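These are my notebook entries on one structure. I record here what I looked up, topic by topic.

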Amino acid sequence: MSEATEFTRRRQYVQPYFDQGHYLFHIQGATLNNAGDPAINMQVIKSFDGRRVGVYYFRNFHLTAATSEKSRALWERKFDMLLSALGIKHLTDLGELVGRTVLVEFTKAGIEPLPNFLHDRKAPPLFENDLVAA
């Protein structure tokens, strides 16, 4: 028989909602997930409207754990976009991603929108605050 232990907690972390637009991210970490696929953790350092700065965005690339060929092709394309945006032709260590910045475009808004990684030369202006953005 288990003994009841009084415990209360209010959920504090709320997954950030990303709007459509462009964000400049700094890659804070890159590792393999439990399936052996690459996963990156990035932090917003600039955004198109000045919001979400400091917020983290985590993304798994399901290269082997994809549930369908179509899904695998999507994740292969997204990972190739990331490497292309960073100017990497041949990746041998995920640590090469850490510390770099990458421009990300979200074409759909949401809690976990799929990123499109862009070259800096395609970068639109990113604004520092709401007044400049308006």
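Which residues of the largest nonpolar core touch the most other members? I looked this up and found F25, M42, L82, L97, V102 and F117, out of 24 residues in that core. I take a nonpolar core as a set of buried Ala, Val, Leu, Ile, Met, Phe, Trp, Tyr and Cys residues joined through side-chain atoms within 4.5 Å. Buried means under 20% relative accessible area, exposed over 50%, and partly exposed in between (1.4 Å probe, protein chains only).

**Basis of the entries.** I note that this is a predicted model, in which local features need pLDDT of at least 70 and side-chain atom pairs count only at pLDDT 80 or more, whereas totals for chains, interfaces and linings use all residues. Residues are numbered from 1 along each chain as its sequence is written, and side-chain values use heavy atoms, with hydrogens and water left out.

The largest share, 6 residues, comes from α1. Helices (H or I, at least four residues) and strands (E, at least two) are DSSP runs, numbered from the N terminus.

I then listed the contacts of V102, a contact being heavy atoms within 4.5 Å. Leaving aside residues up to four places away in sequence, V102 touches Y23, L24, F25, I27, M42, L82, A85, L86, F117 and L118.

**Strand pairing.** I checked the partners of β4, where two strands pair if DSSP finds at least two bridges between them. β1 and β4 run antiparallel and are joined by 6 bridges.

**Aromatic pairs.** I counted 13 aromatic pairs in the structure. Rings of Phe, Tyr and Trp (its six-membered ring) pair if their centres lie within 6.5 Å; planes under 30 degrees apart count as stacked, over 60 as edge-to-face and the rest as tilted. One of the pairs is F25 with F106, edge-to-face at 6.4 Å centre to centre and 80 degrees between the planes. This pair links distant parts of the chain, with F25 in strand β1 and F106 in strand β4, 81 residues apart. F25 counts as buried because its relative accessibility is 0%, and F106 is buried at a relative accessible area of 1%.

I next examined F61 and F117, a tilted pair at 6.3 Å centre to centre with 40 degrees between the planes. F61 lies in the loop between β3 and α1 and F117 in strand β5, so the pair ties together parts 56 residues apart in sequence. Both F61 and F117 are buried. I also noted that ring pairs link F18, Y23, F25, F48, Y57 and F106 into a cluster.

**Salt bridges.** How many salt bridges does the structure hold? I found 5, a salt bridge being a side-chain nitrogen of Lys or Arg within 4 Å of a carboxyl oxygen of Asp or Glu. R51 forms one with D19, the closest N and O atoms being 2.5 Å apart. R51 is in the loop between β2 and β3 (56–60) and D19 in the segment before β1, 32 residues apart. R51 is partly exposed, at a relative accessible area of 35%, whereas D19 is buried at 17%.

R51 forms a further salt bridge with D49, with the closest N and O atoms 2.8 Å apart; D49 is buried at a relative accessible area of 9%. R59 and E112 meet through their side chains in a salt bridge of 3.9 Å, N to O. R59 lies in strand β3 and E112 in the loop between β4 and β5, so the pair ties together parts that are 53 residues apart in sequence. R59 counts as buried because its relative accessibility is 7%. Salt bridges that share partners join D19, D49, R51 and R52 into one network.

**Q15.** My last entry concerns Q15, found in the segment before β1. Q15 counts as partly exposed because its relative accessibility is 34%. Not counting residues up to four places away in sequence, Q15 touches I111 and E112. The side chains of Q15 and E112 make a polar contact at 3.5 Å. I apply that term to a pair of N or O atoms within 3.5 Å; within protein, one must be able to donate a hydrogen and the other to accept it, and residues adjacent in sequence count only if both atoms are side-chain atoms. The C-alpha atoms of Q15 and G110 are separated by 9.9 Å, with the two residues 95 apart along the chain.
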